[in-house]
Amino acid sequence: MDLLQTIVSHYNHWIIIFLMVSGLYIVVARGNMIKKLVGLGLFQTSVYLLYLSPGKILGGTPPILSPQFTVYSNPLPHVLILTAIVVGVATLALGLALVVRINEAFGTIEEDEIFAGEEDK
Amino acid sequence: MVLLTLLAAVTIGIIRIRNLFGVVVLGGIYSFLMASVMIVLDAVDVAMTEASVGAGISMVLMLGTLYLTKTEETVPAHTPLLPLFVAVATGAALVFGTFALPPFGVADTPMNLHVAPYYLGNSIQDTLVPNVVTSVLSSYRGFDTLGETAVIFTAGIAVMLLLKGKRDVKPGPKRRSVRR
Amino acid sequence: MIAANLPALQVVLPLLGAVLCAFLRRGVYAWGVALIVSLAMPLIAIGLLIQVLDSGTISYAMGGWKPPIGIEYRVDVFNAFLLLLVSVIAAVIMPYAKRSVEKEIPSDRQAWFYAIYLLCLCGLLGMAITGDAFNIFVFMEVSSLAAYTLIALGRDRRALLAAYQYLIMGTIGATFYVIGVGLLYSMTGTLNLADIASRLAGIENSRAVLAALAFLTVGISLKLALFPLHVWLPNAYAYAPSMATVFLAATATKVAVYLLLRYFYTVFGASIIFQDLPVSNIFLILSLAAMFGASIVAVFQDDVKRMLAYSSVGQIGYITLGIAIANLTGLTGGIVHLFNHALMKAALFMAIGAVFYRIGSVKLDDLAGIGKRMPITMAAFVIAGFSIIGVPGTVGFVSKWYLVLGAFEQGWWWLAFLIVASSLISVVYIGRIVEVVWFRPVSAAAKRAEEPPLSMLLPTLLLVAATVYFGIDTSATAGIAGRAAEWLMVGVK
Amino acid sequence: MKFDVIFRVAAKILIPYMLVFALYVQFHGDFGPGGGFQAGVIAAAMVIFYAIIFGLKAAQKIFPPRIIELMVPSGVGIFAGAGVLSLLLGENYLNYSPFAQDPAHGQEYGIILIEIGVLVTVSGTMVAIFYSFIGRGR
């Protein structure tokens, strides 16, 4: 029963870890460059939850000060994650630009095909 | 909790589906779900950003790229054992680490006691800004935001460097796939 | 006013320079801006180093908010030394860059190219100077995104592939780093490194902190190309434009090593890292694997830039070996090698870049007999190559000497033997180039070659002269490295 | 296209509101959720929306690429320049306190100033990236 309690109270962590592991798996296992970037996005997004969820205080409100409320959730993780989202989209844009150029130069966006093509020469 | 479970379901979808168009659309759904989770977690600013960036800009860029490339993924040739190992090892390290973290939603954790109360308590008198996220972002940790703007600047210049101007077609096998 | 704000200027000047470069359309003007900024950097770094040596650690509160509320810039002996290294390399590269970039980058993109270069410099300096865990991440991303772009601008289409691979690996590394910081933050509630260190007291052995350590180590190791995580490096260095290769090879991995040392010694504390956990052994094995594995791979490369890139992986092995030896002498050796390797690798890549400028190829076969056409450049190459091997009288010898001494102090005589043995492999690959370059008949490609323009030759010679000078007079480099190592070791207890 | 007219009319109605919403998010960021980054993304979305409906040419006529390209560094320039201003006023980098009579108001002005910097860079960059991607296709 105790174990079950632990598992349930850490439910957010379970999901975060699942998302993270799936994201990382897509990045490492898949050869398609766009899919890899999607996986990278999943991986990064799951980290956002890792930061945000411990900052939540049950019964708290968003950290916009107002006389009606006294308990606020922690604002610092929000700030950090805002920055991280921006970094994430910047990386994604650059990665996609590279994919477009690779497709023009090699005619494919599958890593396996590119490596096979390189070895022929 | 329901939202989190939905997130997991979408993720499985993203792994399984080989049509990249479908993957991108699922990615958009994922971002909206993520934004909803963030609202539940009181992170309204972040939720707004995630919705506009994840489901907006990222989707547009992804679709633009798909338009320029192709939409089907081939089956990877190599075995997924090594990646699986990497992913599982990471997961194990995380399980190991996160279980020692305090449970969800508690107020008296180290994270919520040290510097956070300072921001909440002093934002108004220091900066006259009631949205603490804004005051931390722009003033207390303003230099991070300068760095963040620099990141965007870098990405902007980088993409223009890579994609602007005429297409210099380099020799190479050109295999245009048929679009559906 | 300027003296007090040097830490901020060190990072902000390159950023402002980049903004200016992006406004200017003409490559030459942008080069001028980049040159002025790059020349100002070492002056600022020297100013900081003098201040630190005089009066101890400098703490600079960004935005006037006292740490841990705001972001703190923290300059101590170690990172002042590193700032100097990065900014000196940047200053030496800029005169060299003009001709090289004119040759390799289309003229309408040069201004943006310099903007990206300055952003990369800004990111690296920002990572080195800041005392805030999350700020490190932000500037890590500035420098990484800039580095991916610099690499992708190489002329070969494989440069794009290399940049993409680096982007994937680098982003995984950065995300691991963020996970590590997140775990630390959850446990301590602060992001200031010094504050984290003090609040970790008592909970160092909790599972979340250990997991944080693991994630940080793996994340940073990806950036510094520690042996099994180095796969992005050879392609990236081989296909990047010459100037980008010189800059990244000399600085990017070094800053990552610095981060690793900073976390090991000043945040987690050496006692937990080296006594309670097998970190030392893991690093020892990986370093040895890098020293032998990567060096042996280097021997079989036909592309000189690729060969030097693999040699870099091997040389990084020596630096991490210094970490693994974990006594004062060994650590000094590691830090000195950080500096020395930057000097000699920059010199080598500059010489090769000059060859590429003249003949447009870096294939070993095309280089045959080029020593007769470009004698000064190739003589410089050979001297820097001797330094990689560790011939006495060059800087490479100094760092290996400290490493061997450190190994003996630890009682690991076999390690000393292995260090010498691995140097023999570098004799093979450097020797292979020397043989082809000097003792083969002149190849068709090398026939028309002549010495590169002075603006490219002089920086190369300057760096080579430095490798010899600091190889004979060790007081400056080894002295400061020794103080940095002492400071790290003392900071622990 | 059959629905073209509907799209065009809808766009004509919606786009002004998107701009107003972006500005609201920008300047209300002190009191509610939002700020320079979100506003920049919304403004960029407006341009992208316009380009999708009316075509890239029309969009580039109203928002010429030259201006957009200049916006990318200007925002960073404003932000970093605000820091230099605090240096000149004798304070640490990015300390906005001396921008007004009392420190708190100075901070408020500083925040507004740098949020504008963020808005300019973010919207400029997003549009520039979008132009680059779409321009590549033809």
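## A leucine in a loop of chain B

Leu128(B) sits in the loop that links α6 (116-127) to α7 (132-140) of chain B. Please keep in mind, as you look around, that this is a predicted model.

What is the phi of Leu128(B)? Although Leu128(B) is not a glycine, its phi is positive, at about 65°.

## A leucine in a loop of chain D

Leu94(D) is not a glycine, yet it has a positive phi of about 65°. To find Leu94(D), look in the loop between α4 (65-88) and α5 (103-136) of chain D.

The surroundings of Leu94(D) are worth a look too. Leu94(D) has 31 C-beta neighbours inside 10 Å and therefore counts as buried, the cut-off for a buried residue being 20 or more.

## A cis peptide bond in chain C

Now turn to the backbone of chain C, where two prolines meet. The peptide bond that runs from Pro67(C) to Pro68(C) is cis, and its omega is near 5°. Where is Pro68(C)? This proline belongs to the loop between β1 and β2 (72-75) of chain C.

## Where chain C meets chain D

Staying with chain C, we come to its contacts with a neighbour. On the chain C side, 14 residues take part, and they are in contact with 15 residues of chain D. Which elements of chain C give two or more residues to this side? They are α1 (6-23) and β1 (58-61). Of the elements on this side, α1(C) gives the most, with seven residues.

What kinds of residue make up the side of chain C that touches chain D? Eleven are nonpolar and three are polar, while no charged residue is found there.

## The fold of chain A

How much of chain A is buried? Of its 121 residues, 71% are buried. The contacts within chain A can also be sorted by separation along the sequence. If you take those between residues at least 6 apart in sequence, 43% join residues at least 24 apart.

Methods:
Residues are numbered from 1 along each chain as its sequence is written. Chains are lettered from A and ligands numbered from 1 in the order in which they are written. This is a predicted model: local features need pLDDT of at least 70, side-chain atom pairs count only at pLDDT 80 or more; totals for chains, interfaces and linings use all residues. Two residues are in contact if their C-beta atoms, placed from the backbone, lie within 7 Å. Helices (H or I, at least four residues) and strands (E, at least two) are DSSP runs, numbered from the N terminus. Ala, Val, Leu, Ile, Met, Phe, Trp, Tyr, Cys and Pro count as nonpolar, Asp, Glu, Lys and Arg as charged, and the others, Gly among them, as polar. A residue is buried if 20 or more other C-beta atoms lie within 10 Å of its own, exposed if 12 or fewer, and partly exposed in between; C-beta atoms are placed from the backbone.
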